[in-house]
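Subject: Structure handover

Hello,

Here is the structure you asked to look at. Please open it alongside this message.

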Amino acid sequence: MKVMENMVEYGHEKVLFVNNEEAGLRAIIAVHNTNLGPAIGGCRLWPYASEEEALFDVLRLSRGMSHKNAAAGLQFGGGKAVIIADPKDKTEKMFEAFAEAVNGLGGCYITSEDVNTNCDDALIMARKTSYLCGTPAVSGDPSPYTAIGVWQGMKAAAKVVFGSDDLKGKTVAVQGIGKVGYDLCRYLHKEGAKLYVSNLHNKETLKKAVEEFGATAVDADKILSQECDIFAPCALGAVVNTETAKQLNCKIIAGAANNVLLDEAAGKALKELGIAYAPDFIINAGGVINAAGEAAGDYNEEEVLKKVYNIYNTVEHIMTLSKETGTPEGVLATEYAESIMRGEQKA
């Protein structure tokens, strides 16, 4: 692993590798940028095939958090953590040890729940660290707010591409029916959208989505090519590259997953194919907006929801500019976020 080279490439400030054999903890914490304030970002637990894969993920995710927080107008930088483990093997000792590792960063990183971690895990971490948000008594589970933001961002994307933000009759293929994907389906169903859904592991949730929302279940390996108006990736990232882009059969990509595009070449490929892209770190910021309210010490759900609903305006601005200039949406969104990080403008 060329750790320092990767840090320089992505512009990271700190990367901490953690090994605690007694607690069964192997983790990486990446602090990308603290220009706007302490880095905030969740702790993801995933059975990565290798340390290289985990490092690749945490570096991209933490950089995305810097962009996400800046574009959302939050006074926080970006960071992320990954614990390398199978979800069925997580223990209280593991999370306590992780929390102690967070303390070792002296407050430059504030953690919260993420994929395969939840509010109960956050409470365990709270035994050992105060550098934490997403606790049940304050901001709680961030996923409902993420779903609202994605729903609003999808409506904005539809307005730019189709001329109306009304999703009635639109076909939406949702890849991944976890907490966010399921809540998103609920909003889309209420609007009258026709849903195609896939889930790699939890077939019970898939069945529930079919029964409750009248969705059509699609094999996980076929959802990417499902004919639809909008493809909504709500699982893990990097699903679109220059090759998989050719399989897409949609007009818009708008979902909750982080780092949907493998690289800038993927964004360029989408542009050439005439597929519009709602930048992931803009559209999926609802969860961190909610968590940041707790981290700032003045949580107010009404103010949180105002910021979450404003995702509509930011998505519309970026996608309209892309339509006018021909510049890929991801490039414009990154430029927008980094100008805020440099203090050149406000969100």
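Below are notes on its cysteines, its nonpolar cores and its pockets.

This is a predicted model, in which local features need pLDDT of at least 70 and side-chain atom pairs count only at pLDDT 80 or more, while totals for chains, interfaces and linings use all residues. Residues are numbered from 1 along each chain as its sequence is written, and side-chain values use heavy atoms, with hydrogens and water left out.

Cysteines

The search of the whole structure gave 0 disulfides (a disulfide is a pair of cysteine sulfur atoms within 2.5 Å). Cysteine 133 is buried at a relative accessible area of 0%, and cysteine 234 is buried at 14%. Buried means under 20% relative accessible area, with a 1.4 Å probe and protein chains only.

Nonpolar cores

A nonpolar core is a set of buried Ala, Val, Leu, Ile, Met, Phe, Trp, Tyr and Cys residues joined through side-chain atoms within 4.5 Å. The largest one has 63 residues, and Val174 is among those with the most contacts inside it. Helix H5 (residues 143-162) contributes the most to this core, 10 residues; helices here are DSSP runs of H or I, at least four residues long, numbered from the N terminus. A second, separate core has 26 residues, including Leu105 and Met125. Valine 174 touches Cys185, Leu188 and Cys234, among others, leaving aside residues up to four places away in sequence (contact means heavy atoms within 4.5 Å).

Pockets

On a 1 Å grid over the protein atoms alone, a pocket is an open set of points where a 1.4 Å probe fits, with protein on both sides within 12 Å along at least five of seven lines; lining residues have an atom within 4 Å of a point. Volume is the space filled by probe spheres set on the points, which are joined across faces, edges and corners.

The largest pocket has a volume of about 1,500 Å³. Its lining has 46 residues, and Cys234 is one of those nearest the centre. The second largest pocket holds about 670 Å³ and is lined by 30 residues, with Arg63 and His67 among those nearest its centre. Helix H13 gives the most to that lining, 6 residues.

Regards

Key:
Buried means under 20% relative accessible area, exposed over 50%, partly exposed in between (1.4 Å probe, protein chains only). Helices (H or I, at least four residues) and strands (E, at least two) are DSSP runs, numbered from the N terminus.
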